Every structure is written in structure tokens, then in C-alpha cells.
Amino acid sequence: MIALIRYTFATVLHTQRYLAPLLLFMGLMSVLTVNGSGPLPAAYASSAGALFICSTWLTVALMSLDDPPQRAIVIVSAGGRSLTVLLAAIGTALLSCLALMVFGLLFPLWMGDYAVTTTDLLLGLQAQLTCALVGIAIGVLCSRLVFRRQGYALVAALALVMGALFVKGLSPVNRLFTLMSTTPEASRLLAPAAVMLAISVVILAVFTAVAHVVAGRRG
């Protein structure tokens with residue numbers, strides 16, 4: 001697994017497919033969190049939203065690094081375990097998002113005027129991790145493993161992202177953002193955020209299983 005993650009990191013760095021989602025994340029952070037003030041939950045909702053969009057795009061890029069012949073070679077090198085290769089790509093996306101979470105936690109504090117507490121930081125971490133997991137799940141489901149045509153994959157990804165962001169109660173992302181924008185006390189949000197985080201783990205597991213089954217049936 002570690003070797004596969006290193007291979008995926010090396011490939012994405014060489015192809016520079018990380019640049020577009022990374023620049024989008026930085027741009028959204030600059031627009032949404034600069035010169036902010038007041039309760040931190042609202043600011044961390046913005047940084048979590050930026051990470052949600054970035055993680056979706058980044059995961060789609062990671063899942064599309066290898067064309068089908070190259071992917072077949074990678075699977076053979078991994079002992080024929082296609083699920084291991086899929087999990088390595090997901091692990092790479094998650095590790096990348098963990099690095100971005102640090103920036104997402106600290107950048108609003110640097111550029112804004114907030115009274116920060118440990119509870120605020122914990123809530124921000126929960127929110128970003130929830131959004132990262134849901135974004136990765138959407139990226140896996142809308143990858144080349146499921147959609148052969150990139151146009152269909154793009155439409156599906158946009159629909160799922162918009163639904164997760166704006167359809168009330170459809171996803172833990174929307175529910176979490178609603179709570180964080182209306183409740184300034186971070187201590188009151190830790191328990192609901194933990195529930196949303198658990199739901200996001202389930203979503204990622206289900207979407208990963210669907211992508212693996214579809215890819216397996218296609219051979």
C-alpha cells in the first residue's frame with residue numbers, strides 16, 4: 001500500500017494535475033476568509049467548503065492518472081488486487097487533504113480577527129475532514145472507473161457537488177454548513193459535527209464499493 005501511495009504521489013507530481021485543484025482551493029480561501037471577523041465556525045465553514053470542491057477535483061484527477069493499459073499493469077504489480085490500487089489512490093487524496101487542512105485551519109486566523117479557542121480548532125478540523133471525505137467519495141464515484149466518458153463524469157460530479165452544497169439536508173456537508181452558519185458557539189456544534197463526520201465515512205465506503213464493483217464488472 002505504501003509503495004502504491006508513493007507511486008501515485010510521484011505520478012501526480014510529475015503530471016502536475018494537482019495544480020488546478022490546488023489553485024482553486026487557494027483562490028477560494030483568499031476570497032472567502034480574508035479580513036474576516038466574528039465567530040470562527042462561519043469562517044471554518046468557508047474553508048471546509050473550499051476543501052470540499054478541491055478534494056472532489058483532486059480525487060478525479062488522481063483516479064485518472066493512468067489510462068486503462070497502465071492501470072492494468074499497476075494492478076498486476078500489486079498482485080492483482082484492484083481494490084488495493086483504488087484504496088491507494090483514495091489514501092493519496094486523503095493525505096493531500098490533510099496537508100491542506102492545516103492551511104485551512106491557520107489561514108483564517110492569520111488573515112482575520114478572531115478569538116480562537118481549542119474548541120474552534122477542533123470544530124474546524126471536523127468540518128474540513130467531513131468535507132474532504134465527501135469530496136473524495138464524489139471524486140471516486142465520478143472517476144474513470146465508473147464513467148468512461150469524461151463529459152458524463154463532469155456532469156455527474158457537478159450535480160453531486162451542487163446537491164451536497166445546496167440541497168437542504170441531502171448531505172452532511174449541507175447540514176454542517178447550516179449549523180455552522182447559524183450557531184456561533186463551537187462547543188454546541190462538536191457533537192453534531194462528529195455525527196456528520198461519521199456519516200461522511202459511510203458515504204466514502206459506499207461510493208468506494210460501488211466504484212470497485214463497477215470497475216470489476218468491466219474487467
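1. Phe25, Phe103, Phe107 and Trp110 form one aromatic cluster. Here rings of Phe, Tyr and Trp (its six-membered ring) pair if their centres lie within 6.5 Å; planes under 30 degrees apart count as stacked, over 60 as edge-to-face and the rest as tilted. The count by this rule is three aromatic pairs. One of them, Phe107 with Trp110, is edge-to-face, at 6.1 Å centre to centre and 75° between the planes.

2. A word on the source: this is a predicted model, in which local features need pLDDT of at least 70 and side-chain atom pairs count only at pLDDT 80 or more, while totals for chains, interfaces and linings use all residues. Residues are numbered from 1 along each chain as its sequence is written, and side-chain values use heavy atoms, leaving out hydrogens and water.

3. Phe107 and Trp110 sit three residues apart in helix H5 (residues 82-111), so about one helical turn separates them. Phe107 is buried at 9% relative accessible area, whereas Trp110 is exposed at 67% (buried is under 20%, exposed over 50%, partly exposed in between, with a 1.4 Å probe and protein chains only).

4. Do look at Gln16, in the loop between helix H1 (2-15) and helix H2 (19-33). Gln16 is not a glycine, yet has a positive phi of about 60°. Its relative accessible area is 47%, so Gln16 is partly exposed.

5. Overall, the protein has nine helices and zero strands (DSSP runs numbered from the N terminus: H or I of at least four residues for helices, E of at least two for strands). Of its 219 residues, 47% count as buried.
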